[in-house]
Amino acid sequence: MPKRILTGLLCLAVTLLAAVAPAPARADNPIVQTVYTADPAPLVHNGRVYLYTGHDEDGSTWFTMKEWRLYSSADMVNWTDHGSPMSLATFSWASKDAWAGQVIQRNGKFYWYVPVTNRATGRMAIGVGVANSPTGPFTDALGRPLVENGEIDPTVMIDDDGQAYLYWGNPNLWYVRLNSDMISYSGSATKIALTTAGFGTRTGDANRPTLYEEGPWVYKRNGLYYNVFAAKCCSEFIGYSTAPGPTGPWTYRGTVMPTQGSSFTNHAGIVDFNGGSYFFYHNGALPGGGGFTRSVAVEKFSYNADGSIPQITMTTGGAPQNGTLNPYTRQEAETIAWSSGVETERASEGGMNVGFLENGDYIKVKGVAFGSGANSFSARVASAAAGGRIEVRLGGPTGTLAGTCTVAGTGGWQNWATVNCPVSGVSGTQDLYLRFTGGSGYLFNVNWWQFAGNSGVSNR
């Protein structure tokens, strides 16, 4: 969301969230506040969760989506913005509709299955992006659709025997058996029978006798196959079915997340990470949010002893932090637990930077482990204006002031310089707030930050 939507409104959002949460500092859902995100697809890789999302354009009155976005976290609360590693432009044959997809790793490569409109036919088709890294960039693996039948929402799973399956569909549910190259398949597309025993009973629509609507998320856990899906539009809830094998027979198991959240759609993604299970979804909770301007959120949950999934309710607090953040190593400024008035953009030095900062905007970084204490703060900054100040605060955007770094103009929004300032009273594990202050208009950009202790390194 650009400044015209966010400025002031997120401050209001934090105030409103405080009415239902113990304190604004605990309001960490939705997990991205800089743009509208939808259709979460998490992937665990090398000790991080990589979260691939769609991007609802600001002010949308339809599913206007031109690119996909990526965020990652090592602790489930501080999310690093990796920008857009894939867009409609990746697929020369696609005309519109960068809708819900999923990424999976195999043989050292990462494959991103997405539905887009095929320009030549006007129908929805499934394309495949491929990259050598989870952060991309992704390129078109085929130069054409992998499969096309006018339906959407691919999900992919690799079974224990190495056989990969691609599932997708609305209004139907299909699968193909992918070959080991992950960009071709054997046999033809098979339609899964949507029975009421398998997918629940819908009333009031003779054309849709079951609850299955769209957005399948298929995975295997402890020998059981799960199909978690958006159910019964509209408004949708999240239901699920299980099966003893990857192609069924499916048995409907009930509701995972009831209808809620100011969006008439929902879309699930589930992973296990560092000993916990996490349920990703979207709602319309941010200012200006709704059914076409959605935002991704996450909850931690525990499976029941029999493997069933409990009912999960949306919260503003989100998942608890899994570990802490080390401030004595360089941290990307776009690593954010919560923010107000902040946007991100590509940085000339690589990666992303936060920018379009105005007086009073801030970033929250949760659970920062300062140990026995920090005595200085450094930040990489750029400004084509007069600059401003970075206030280092603890506990809240107007909490304890630990230090202030002055940022001068650098002659350009991508002309980078490093500023340093002393800090005091910074020890233990605390929530860090970087508050940006100054005159009117945009102040400066920030690429990264880092603290130092008395010895210049971590005191932990």
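In which loop is the place of D97? D97 sits in the loop between β6 (94–96) and β7 (102–106), where strands (E, at least two residues) and helices (H or I, at least four residues) are DSSP runs numbered from the N terminus. The model is a predicted one, in which local features need pLDDT of at least 70 and side-chain atom pairs count only at pLDDT 80 or more, while totals for chains, interfaces and linings use all residues. Residues are numbered from 1 along each chain as its sequence is written, and side-chain values use heavy atoms, with hydrogens and water left out.

The overall picture comes before the details. The protein chain has three helices and 34 strands as its secondary structure. Its radius of gyration is 23 Å, close to the 23 Å that the globule rule gives for 460 residues, so the chain is as compact as a globular protein of that length. The radius is taken over C-alpha atoms, and the globule rule is 2.2 Å times the number of residues to the power 0.38. The C-alpha trace spans about 65 × 45 × 40 Å along its principal axes.

Of the 460 residues, 59% count as buried; that term means under 20% relative accessible area, with exposed meaning over 50% and partly exposed in between (1.4 Å probe, protein chains only). Among contacts with a separation of 6 or more, 60% come from residues 24 or more positions apart, a contact being heavy atoms within 4.5 Å. The accessible surface of the protein chain is about 16,400 Å², and carbon and sulfur atoms hold 49% of that area. Areas come from the Shrake-Rupley method with a 1.4 Å probe, and for residues only the protein chains shown count as cover.

As for charge, the protein chain carries 31 positive and 33 negative side chains, and the centres of the two sets lie 2 Å apart. Lys and Arg count as positive and Asp and Glu as negative, whereas His and the chain ends are not counted. Each charge is placed at NZ of Lys, CZ of Arg, CG of Asp or CD of Glu.

Strand β26 (residues 343–346) runs antiparallel to strand β27 (residues 352–355), and four bridges join them; two strands pair if DSSP finds at least two bridges between them. Within this pairing E343 stands opposite G355, and T344 stands opposite V354. Five residues lie between the strands of the hairpin, in which G350 takes a positive phi near 105 degrees. Strand β27 is covered on both faces, with M352 and V354 buried on one side and N353 and G355 buried on the other.

Positive phi also occurs at residues other than glycine. D97 has a phi of about 70 degrees, and D97 is buried, with a relative accessible area of 9%. N274 has a positive phi of about 50 degrees and lies in the loop between β20 (269–273) and β21 (276–283).

Cis peptide bonds are the next feature. One joins N170 and P171, with omega about 15 degrees, and P171 lies in the loop between β13 (164–168) and β14 (174–178). The bond from G248 to P249 is also cis, with omega near 0 degrees; P249 is in the loop between β18 (237–243) and β19 (251–257).

The last stop is W449, in strand β34 (residues 445–452). W449 is buried, with a relative accessible area of 2%.
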